[in-house]
Amino acid sequence: FAQTASEFDTLEELRADVTDRVNRMKKVEQGVQARDRVLEALLAKVELPLPEGIIKSELDARNHELDHQLEAVGMSKADFLAAEGQSEADFDADVEKRARDALKAQLVLDAIVEKEQLSVGEAELTQHIVRSAARYGMGPDQFAQQVVAAGQVPVLVSEVVRGKALALLIERAKVVDASGRPVDLEALREDGSGEPVDVPAGDPAADTADTAAAGDTAEGATGSAAVPAES
């Protein structure tokens, strides 16, 4: 079976590979959740009024994108809400909260970028393009050409540099698991063989829009993240 279903010769080798892959996935998941909890904890400490005009533009863009996606699959918004088990009022309130959280995260991370004078190297941008292309099921060259043609290179640069700002925050934060034990974030970057764990890239500010805002200490599946005041 192992020889037929995989590149391994024995079931023991196949089982060991599956176990290794599961462990890697768990490490990636814990690292992603730690990242989200750190950002949530920071945002909970920051009072940042957002111009309503910017909020409206962001909501319009999100609703337009949703309409486009629903149209592509032949589904009405009413059908979508029914499938999600949400009323239109609750859905709209949730979208607005996510939009506010995302914009707030962008502004906070941009401030950290400026304070720490972070920048993006060509290799870092290339790596981000490769990962983004994979998520869209495209080749890196094709994706890069479309990004350049649409004038979206600055957007990608912002995504990468905000990710670096968030990584800096994580280094300065104390992260514990659900049992209150410290999480070794350096260990999460290793898969046991010395190779970096490939945490999905993307705009952390946008990712935060998909997570619930928390209090001074952000609780999650991996536990909590307490962000020092000086961060």
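Predicted model: local features only at pLDDT ≥ 70, side-chain atom pairs only at ≥ 80, totals over all residues.
## Helices α2 and α8

Helix α2 spans residues 11–45, and helix α8 spans residues 153–172. The two pack at an angle of about 85°, with their axes 10 Å apart. That makes α2 roughly perpendicular to α8.

Helix α2 brings Arg35, Val38, Leu39 and Leu42 to the contact. Helix α8 brings Leu166, Leu169 and Ile170. By class, six of the contact residues are nonpolar, none is polar and one is charged.

## Salt bridges within a helix

The whole structure holds 14 salt bridges. One of them joins the side chains of Arg37 and Glu40, at 3.0 Å from N to O. Both residues lie in helix α2, three residues apart, about one turn of the helix. Arg37 has 10% relative accessibility, so it counts as buried. Glu40 is buried too, with a relative accessible area of 4%.

Arg98 and Asp94 also meet in a salt bridge, at 3.1 Å from N to O. They sit four residues apart in helix α5, so about one helical turn separates them. Arg98 counts as partly exposed at 31% relative accessibility. Asp94 is partly exposed, at 26%.

## A link between helices, and a network

The side chains of Lys77 and Glu88 form a salt bridge of 3.7 Å, N to O. Lys77 lies in helix α4 (residues 77–84) and Glu88 in helix α5 (residues 88–116), eleven residues apart. Lys77 is partly exposed, with a relative accessible area of 23%. Glu88 is partly exposed, with 45%.

Salt bridges also build a network, which links Glu52, Glu96 and Arg100.

Note on methods: Residues numbered from 1 in each chain as written. Heavy atoms only, no water. Axes fitted to C-alpha atoms, helices over the stretch in contact; angles between N-to-C directions. Parallel < 35°, antiparallel > 145°, perpendicular 65-115°, else oblique. Contact = heavy atoms within 4.5 Å. Nonpolar A, V, L, I, M, F, W, Y, C, P; charged D, E, K, R; others polar. Salt bridge = Lys/Arg side-chain N within 4 Å of Asp/Glu carboxyl O. Buried < 20%, exposed > 50% of the residue type's maximum accessible area, 1.4 Å probe, protein only.
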